[in-house]
Amino acid sequence: MSGFSRRRLLASGGALGALGALSMAAPPAAWTWPPSGSVVGTGAGLDPRWVWDEVADPLVASLSERGDVPRVNELLREWTKNGQELPKGLPSELRTFIEDARQLPEWADREKLDLAYEFNEKRGLYLGVLYGMASGMMSTVIPKEARAVYHSYGGANMKDRITKTAKLGYDIGTANAYADDGEMIVTCVKTRLTHAGVRHLLPQSPHWDSAAPEDIPISQADLMVTWHSLATTVNRKMVEWEVPIPREESEAYLHSWQMCAHMLGIQDEYIPASWDEANAQADQVLTPILAPTPEGVNLADILMDFGKEIDGTILSRPVIGALTRFMLGDEIAEWLMIPEEPVWDPLLNTFWGPFVAFREGVLDTFPGTDKAYWMFDEVLRQAVLLFLSEGDYPISIEIPTTNRPQ
Ligand code: HEM
């Protein structure tokens, strides 16, 4: 792929058309993952491709139709802590919705959530690079997500979008994520409202409509696909890298993501009870649907330049490309038109495993050079800054009022 002009390809309608056709080539198989594998062990077993959010969707559609969304967004900026009283002046049906949506499920386990925090503290360095380069780049080869993101309002300002999404990654790892003084419930409930807004608005976009095979975006199945690109993918990578994680910590980390799924409005019957169940579901819903789209290629192109946000960072475009190829494989790298990197590709393939093993005390010595060790360490450190930072100004996730400005 080296020497190949990405811009020329992006500018060429023919190539984009071919990519678009490719992304529609493999329709997903029917849903067979059973509710018995879920956190509640039971459910109606409906195919989640045809289930959306029956409470939030009509509510946000009606706020939107009445022109209430800007005022609601402004009021909700004041709501930042999980247990905080809701701002005065919210429409009563929205207040009722939020009061209900912010309740933890019966299966919430406080001890597990505390342990999940310990896990995040211990493994935070890996989480930055994984959320950024494994999950973030993977999102660009999830066709429905890539199209939805590209054609929605946030698609035109990826920096803002990633900052808001990074808030979720940051919040879930805090000590009090789901406690009254934490912020994760607020982030999830606001995101649930945002998704409902997207479901209302995107079908009105002629651009999304002509590119997407579905009539309504962000089904429950789509939500689980993205959930796997986050939780399941991160867990799989840590297992692959042989990071020694006690079983209880691994289960606690899963629990924090199960809670996130619930608070985002995903029905309990679709939320896997264990990593085994999650892997089984991901094999069915995530792996087979990964494909390139013109929108995803464009979003990946923007993400690759994201390291520029930090002065003097090691996360240059070539390094982000090499990390993406290392984590997601050659095929996805080719889809995203990421060139091969003669220095970084072999370096990662040879020394990343020993680097992790040495950091974890499994190996006594690191077999590479000091320089290689330093570079890997910098990658971890900078990735946290880039993809997992709290942000130095208040970030408020808001319900969109328009699609991508053309
Ligand atoms: C917005 C997280 C699934 C499409 C957001 C935001 C967060 C988020 C934190 C707020 C950021 C912002 O407003 O820019 C998640 C999580 C998911 C998930 C944790 C699953 C576990 C999906 C899926 C799709 C999707 C499956 C599409 C198929 C969007 C779009 C926006 C958005 C289009 C932004 C709307 C706009 O900017 O106008 N999501 N999301 N999300 N999400 Fe998701």
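Predicted model: local features only at pLDDT ≥ 70, side-chain atom pairs only at ≥ 80, totals over all residues.
Two residues are taken to be in contact if their C-beta atoms, placed from the backbone, lie within 7 Å.

Let me start with the domains. The protein chain is divided into domain 1, covering 36-289, and domain 2, covering 305-387. Their C-alpha centres lie 27 Å apart. Where the two meet, 22 residues of domain 1 are in contact with 20 residues of domain 2. On the domain 1 side, α6 and α8 are the elements that give two or more residues, and α6 gives the most, with 12 residues. By residue type, that side divides into 14 nonpolar, 6 polar and 2 charged.

I turn next to helix α15, which comprises residues 317-328. This helix has 12 residues and reaches 16 Å from its first C-alpha to its last, close to the 16 Å expected at 1.5 Å a residue. Is α15 enclosed or open? Of its 12 residues, 9 are buried, so the helix is largely enclosed by the rest of the structure. The buried residues run from Val 319 through Ile 320, Gly 321, Ala 322, Leu 323, Thr 324 and Arg 325, and also include Met 327 and Leu 328.

Which elements do these buried residues pack against? Their partners are α6 (110-139), α11, α14 (294-304), α16 (330-335), α17 (344-359) and α18 (370-387). Just after α15, Gly 329 takes a positive phi of about 95°.

The ligand comes next. It is surrounded by 24 residues, the closest being Tyr 153, Gly 154, Lys 164, Thr 226 and Pro 400. The elements that give two or more residues to this shell are α7 (143-151), α8 (158-172), α9 (184-201) and α11 (220-240).

Finally, a word on annotation. An unreviewed UniProt entry lists residues 129-344 as "domain: ER-bound oxygenase mpaB/mpaB'/Rubber oxygenase catalytic". In the model, the end C-alpha atoms of that span lie 15 Å apart, and the span is 64% helix and 0% strand.

How values were computed. Residues numbered from 1 in each chain as written. Near = placed C-beta within 6 Å. Helix = DSSP H or I, 4+ residues; strand = E, 2+ residues; numbered from the N terminus. Expected span 1.5 Å × (residues − 1). Buried ≥ 20, exposed ≤ 12 C-beta atoms within 10 Å, placed from the backbone. UniProt positions renumbered as here; feature names shortened; annotations may be inferred. Domains from an automatic or database assignment. Nonpolar A, V, L, I, M, F, W, Y, C, P; charged D, E, K, R; others polar.
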